[in-house]
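Here's a quick look at charge pairing and a bit of surface in this one. Have the structure open while you read.

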Amino acid sequence: MGNPTAAMLVIGDEILSGRTRDSNMHFLAGELTKHGIDLREVRMISDDEVAIIAGVTALSETHDHVFTSGGIGPTHDDITADCIAKAFGAHLDVRDDARAILQAHYDKSGTELNEARLRMARIPDGAALIDNPVSAAPGFTLKNVHVMAGVPSVFEAMVASVLPTLTGGSPLLSQTLRVMRGEGEIAGNLSALAADFSDLSIGCYPFQKDGAFGANVVVRGADGARVDAAVTRLAQELDL
């Protein structure tokens with residue numbers, strides 16, 4: 001039986017316009033790999049209700065877990081919570097436990113919990129809160145969708161809160177073989193290797209350095225001995 005699968009929905013006009021560079025996908029991919037959950041798909045969409053609802057519905061039906069980032073703040077364009085609630089037909093309103101978390105946080109800092117900030121306490125019925133030790137405002141999990149903030153430090157903290165609650169599979173192991181030859185020279189070897197080690201993922205990533213062509217061959221799999229065997233065989237075949 002294979003590892004659980006995951007998809008990510010990156011939400012925000014600022015990402016698609018190029019004003020903000022997304023780093024959350026890179027972080028999530030690394031953490032899921034270590035936890036034995038295979039990230040299979042990532043979509044980037046705008047702050048659009050129809051797009052968010054369609055995206056989360058499609059991904060939740062085809063993956064074990066869906067992670068979203070962005071759009072759960074205090075401003076008018078933070079509509080992710082509303083869209084997730086609509087996608088699953090859940091009522092959305094300020095929830096007492098989320099309000100209490102925010103109230104304690106703002107009381108401690110001497111800041112008013114105003115109407116805008118209170119928007120971050122709106123949680124769909126049936127959802128479980130995701131702890132946010134950075135800025136207090138919680139994310140939430142509804143069914144198999146984990147809804148998180150877009151600010152990288154907060155997103156990373158929320159991922160750290162969620163992952164221990166999820167059942168993972170076998171962590172994916174990888175080795176890289178650097179080959180100073182063009183892809184065309186080693187394609188035959190790689191095809192034969194992929195056929196004989198069909199349980200592994202074998203990727204070839206070309207580069208050019210000082211006018212010479214080369215490639216990094218990356219072998220990935222859950223069985224360390226198989227990864228070792230594939231890399232060893234390729235190195236021997238190429239006299240490396």
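Going by side-chain contacts, the salt bridges come to 9 in this predicted model. As background, side chains of opposite charge can pair when their charged atoms come close.

| Pair | Closest N to O |
|---|---|
| D82 and R122 | 2.9 Å |
| R95 and D97 | 3.0 Å |

Take the pair of D82 and R122, which form a salt bridge. This one links distant parts of the chain, with D82 sitting in helix α4 (residues 80–87) and R122 in strand β5 (residues 122–124), 40 residues apart. R122 is buried because its relative accessible area is 16%, under the 20% cut-off. D82, at 22% relative accessibility, counts as partly exposed.

D196 belongs to helix α8 (residues 183–196) and R233 to helix α9 (residues 224–237), so the bridge ties together parts that are 37 residues apart in sequence. Both ends count as partly exposed: D196 has 46% relative accessibility and R233 has 22%.

Which residues form a nonpolar patch on the surface? They are L16, M25, V42 and M44, and together they have about 320 Å² of accessible area. M44 sits in strand β2 (residues 38–45) and, at 42% relative accessibility, counts as partly exposed.

Notes:
Residues numbered from 1 in each chain as written. Predicted model: local features only at pLDDT ≥ 70, side-chain atom pairs only at ≥ 80, totals over all residues. Heavy atoms only, no water. Patch = residues over 30% accessible without salt bridge, like charges linked within 9 Å, V, L, I, M, F, W, Y side chains within 5 Å. Areas by Shrake-Rupley, 256 points an atom, 1.4 Å probe, with all protein chains shown as cover. Salt bridge = Lys/Arg side-chain N within 4 Å of Asp/Glu carboxyl O. Helix = DSSP H or I, 4+ residues; strand = E, 2+ residues; numbered from the N terminus. Buried < 20%, exposed > 50% of the residue type's maximum accessible area, 1.4 Å probe, protein only.
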